[in-house]
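Colleague: I'd like to learn how to read the place where two chains touch. Can you walk me through one?

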Amino acid sequence: MINEEAVFYSRVLTELTLSFHILYATIGVGVPIMIMIAQWVGIKKNDEHYILLARRWARGFVITVAVGVVTGTAIGLQLSLLWPNFMELAGNVIALPLFMETFAFFFEAIFLGIYLYTWDRFENQKKHLLLLVPVAIGASFSAVFITIVNAFMNAPQGFDIVDGQLVNINPIIAMFNPAMPTKVAHVVITAYMTAAFVLAAIAAFRLLKGSDHIYHKKALYLTMKLGLVFSIAAAIIGDFSGKYLAEYQPEKLAAAEWHFETKENAELVLLGILKDEDEVKYAIKVPFGLSLLAHNNPKAEVIGLDQFPVDERPPLYIHYLFNIMVLIGMWMVVLAGWFWLGIKRGWKSVQSRWFRWLIVLGGPLSFIAIEAGWWLAEVGRQPWILRHIMRVEEAATTSGHVDLMLILFCLLYLVLGIGSVVVLRRMFRKNPVERELEDRHAERGGDVR
Amino acid sequence: MNLEILGISVLWTFLFGYIMVGAIDFGAGFFNAYSLLTGKQRILTNVIQRYLSPVWEVTNVFLVFFFVGIIGFFPKTAFYYGTTLLVPVSFGIILLAVRGSYYAFETYGARGHKGYSFMYGLAGLLIPASLSIVLTISEGGFIEMVDGRPVLDYWVLFTSPLTWSIVVLSLSATLYISAVFLTWYANKAGDVEATGLLRKYALIWALPTIVTAGGIIFELRKHNPEHYENIQTFWPMFLISFILFIGTVYLLAKRKQYGWAFGLLGGQFAFAFFGYGASHYPYLLYPYLTLYDSFTNPAMATALIIAFILGLCLLIPSLILIMRLFLFNKDYVRGKSDHHA
């Protein structure tokens, strides 16, 4: 018995919760690393600006962590509430990384609490830096473990099904599934990248809004440099992800690339719009591009959608998501590279207002890329919840109250979203860096460097 | 001891941990709001904020740990409880979300918003109520199987005296646990006024806690006779629990040894909670689901237990560290160094 309405609303509610959660979760994974680096640079250079940078980021970070934690709790419970049949089945195979994720989360929570409340307790800043190591490790590892669960849904393995029963279960093999390396690496590195560009956007925005303090310039340079490194890494891993798809999940790649027919020398379709069933218009076609992307060989054969029954094909609109993600990713590499070179060579352009506005824009763009990437990954494995094992509609709850819950959660996320933005703005508006620096000097009795 | 028992014991212990730290947290929010209403805020807020701030996130993890663990060890619970608990647990999540995030907003962002404090206090009381429904349902009688799918009968649930007794117990126990803990904490901080006030609250909430706890056992006689009989075989545990309760109240009344009073309270709830849990054996959901037919495969069970032991090696030292830095650090408790980020 399948409750069609419950299936639909369960999908919408899960998508809503995850889309909201990943905004905060991405910051939650990426920012601790940035705080750690700033603190470390501050100690190494003996420059209090970087230490203050770490402190101010940490303060804002707490607000985003709070929303990340509570929405994470929500999705954790919703998995069982909305997809009970999936969890019953998957729980047998994939519970291990789920369980380990809570340990990582626990570890992070404990040390974040300590870090935040011991600012002035340690004379030695190095000790304080040490507290950030478990925070950053915990944050990154919760992303690693939870992404392993998601990778399993894309490439389930580590068990056999005999007469509808799960046998020969091996939790370790389930964790180290083929989708895991690229997925985990891409998720973690793009979280770092996004965090770097969001923090860069803040620094650029302060510079644009009148403050000409050297503090913001240092922040901008540090974050853009890190952003450059992470975005290049993200692009390289993204390429590996494409190769993984060609090998293991060709229907996702074919749908994302509008590659309808299996053929050799396949061209890459960029942009464009889809008319009717399979007529692509206004697209830029790169000859041999897809074969190159998929197999590192311009002549290789790439499997097309024609190899899959119609009811097992993902929706074709994921092509747009793919383009958005890739274009933003590429653009951010260019922007960060341009900035870095510009600073080295003393180009005027990188100091100009319009360039800084581009950096400001980079923050929200990175978030859009994260969302688009996740939608691509998730919609791309439709109609499966466990690829080739369980379809989405078989997994959903049969409860008749999902629509009501959807409305309630919409309201919740609205309140949390507005609340976090208002609080963050107020927090930094009321206490600009100039004043905080002055206060600190006053505290130390005029110990100005 | 077999793996099933080991698994459920671990989970039950974490649930116990959540109930204790959660109760302190929820109760503190309520007392904070109540002190605002009665103009006693000056007395209580400092003590409450100082304890809560560094640990608010940790509290939440205990809950996550429990529900992730139960799906891991007993995947079939996802099918039965997941399908039926959509509404009550969703309400719980929403309340937790509003409360948790607005706690951070208030503490680190904008201080001193009154309306928010009331919401916060109220949400803290509703959370134990909405989550304790799970315990009620586990007693059986509220879920019917329709076409092989479990369906929750809300009418029966909300008209059952058992439901409401458990709700009342969760409320009064929350306030009782919290007040006893905060009395001890305020006393350590050397805050005479707060100690006096919280001690009064603790004594007020002691009576309803013990009365409803006893009452529930008698209601089970009618609702779930099998469980009632099992409870009787564990009577020594409940007796010890009651004696410890008397001990706590005695110490509070005599105004001495608040640390011991809280320790005895911990023991009281531990004995009652584990006695209740043991007497529930072997059912996870009476009468559909037992420990044994829902247990995961041996390979996963072993993996989870290894992960659990390794995890504890990481957690226990960290928890001890956070307690030494905050809970049991004299300077911190007394507010000598309160420079947070």
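Predicted model: local features only at pLDDT ≥ 70, side-chain atom pairs only at ≥ 80, totals over all residues.

Colleague: Which helices of chain B supply the side that touches chain A?

Modeller: α3 (56-73), α4 (76-84), α5 (86-109) and α13 (298-327) of chain B each bring at least two residues to that side. The largest share, 18 residues, comes from α5(B). Sorted by class, the side of chain B that touches chain A has 47 nonpolar, 19 polar and four charged residues.

Colleague: And what about the area buried between chain B and chain A?

Modeller: The general idea first: an interface's size is often given as the accessible area lost when the parts come together. Here, chain B and chain A bury about 6300 Å² between them, and carbon and sulfur atoms give 78% of that. If you'd rather count residues, 70 of chain B are in contact with 65 of chain A.

Colleague: Where is A:His216 placed, and which residues is it in contact with?

Modeller: You'll find A:His216 in helix α7 of chain A, residues 214-248. Skip the neighbours within four places in sequence, and A:His216 is in contact with A:Ala203, A:Arg206, A:Leu207, A:Ser211 and A:Val433.

Definitions and conventions:
Residues numbered from 1 in each chain as written. Chains lettered and ligands numbered in written order. Heavy atoms only, no water. Contact = heavy atoms within 4.5 Å. Buried area = accessible area lost by both parts, 1.4 Å probe. Helix = DSSP H or I, 4+ residues; strand = E, 2+ residues; numbered from the N terminus. Nonpolar A, V, L, I, M, F, W, Y, C, P; charged D, E, K, R; others polar.
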